[in-house]
Amino acid sequence: MTKTMNPKIESYSSNRPWEVTHRHSRGVSYGGIFETCLTSPSNPDGTIIGKGDLYAQTVRCYEIILETMQTAGYTPADLVRCDVWLLDTTQYEIAARAHRDMVPETIRPVLSFIGCANFWHPDILVEVSVRAFR
């Protein structure tokens with residue numbers, strides 16, 4: 001956790017190289033809200049996992065997000081919104097299955113599948129962002 005210039009905002013890192021390079025946080029919490037930026041399916045060294053495997057990439061995005069949420073003191077039960085950004089929205093059911101496998105059955109956050117033209121790395125098929133509240 002890192003305190004920001006505003007003492008009411010705390011930021012959290014997943015220690016990916018671009019967080020330092022581009023000066024951003026994986027997630028922030030403020031006023032009971034926790035939210036993440038778009039999260040890539042990557043390892044801590046920045047390598048992308050699951051080339052060509054939408055399910056594996058979606059799961060990896062959620063793993064990173066849930067780990068960061070835990071660091072911030074939030075749980076999956078606190079999720080209120082999940083946005084899944086896809087290169088190919090016709091494959092949304094694969095990403096939906098990964099979402100269902102990563103989010104407990106009793107949790108029903110709003111869920112959006114959003115199409116985009118590309119991501120910053122050619123092997124990325126999906127990125128995920130969330131918002132939580134407690």
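Leucine 79 stands opposite alanine 132 of strand β7, and this pair belongs to the antiparallel pairing of β5 with β7, which comprises 7 bridges (strands are DSSP runs of E with at least two residues and helices are runs of H or I with at least four residues, both numbered from the N terminus; two strands pair if DSSP finds at least two bridges between them). The model is a predicted one, in which local features require pLDDT of at least 70 and side-chain atom pairs count only at pLDDT 80 or more, whereas totals for chains, interfaces and linings use all residues. Residues are numbered from 1 along each chain as its sequence is written, and side-chain values rest on heavy atoms, with hydrogens and water left out.

Strand β7 also pairs with β4 (residues 33-36), to which it runs antiparallel and is joined by 3 bridges; within this pairing, glutamate 35 has arginine 131 of β7 as its bridge partner. Strand β5, in turn, pairs with β6 in the parallel sense over 6 bridges, and aspartate 83 stands opposite serine 112 in β6. Of the 8 residues of β7, 6 are buried, so that the strand is mostly covered (buried means under 20% relative accessible area, exposed over 50% and partly exposed in between, with a 1.4 Å probe and protein chains only).

Valine 128, which lies in β7 (residues 126-133), counts as buried because its relative accessibility is 0%. When neighbours within four places in sequence are left aside, valine 128 is in contact (heavy atoms within 4.5 Å) with residues including Thr36, Leu38, Thr58, Ile65, Asp83 and Val84. The C-alpha atoms of valine 128 and glutamine 57 are 9.8 Å apart in space, although the two residues are 71 positions apart in sequence. For valine 130, with neighbours within four places again left aside, the contacts include Phe34, Ile65, Met69, Leu79 and Cys82.

Val128 and Val130 are among the residues with the most contacts inside the largest nonpolar core, which has 21 residues (a nonpolar core is a set of buried Ala, Val, Leu, Ile, Met, Phe, Trp, Tyr and Cys residues joined through side-chain atoms within 4.5 Å). At least two residues of this core are supplied by each of α2, β5 and β7, and the largest share, 6 residues, comes from α2.

In helix α3 (residues 92-102), the buried residues are Ala95, Ala96, Ala98 and His99. These residues lie on the same side of α3 because they cover an arc of only 160 degrees around the axis, the arc being that of the directions from the helix axis to the C-beta atoms. They pack against α2 (54-71), β5 (79-86) and β6 (110-115), while the face turned away from the buried side carries the exposed residues Glu93 and Arg100.

The axes of α2 and α3 come within 8 Å and cross at roughly 35 degrees (axes are lines fitted to C-alpha atoms, for helices over the stretch in contact, and angles run from 0 to 180 degrees between N-to-C directions). Among the residues that make this contact are Leu54, Thr58 and Tyr62 of α2 and Ile94, Ala98 and Met102 of α3.
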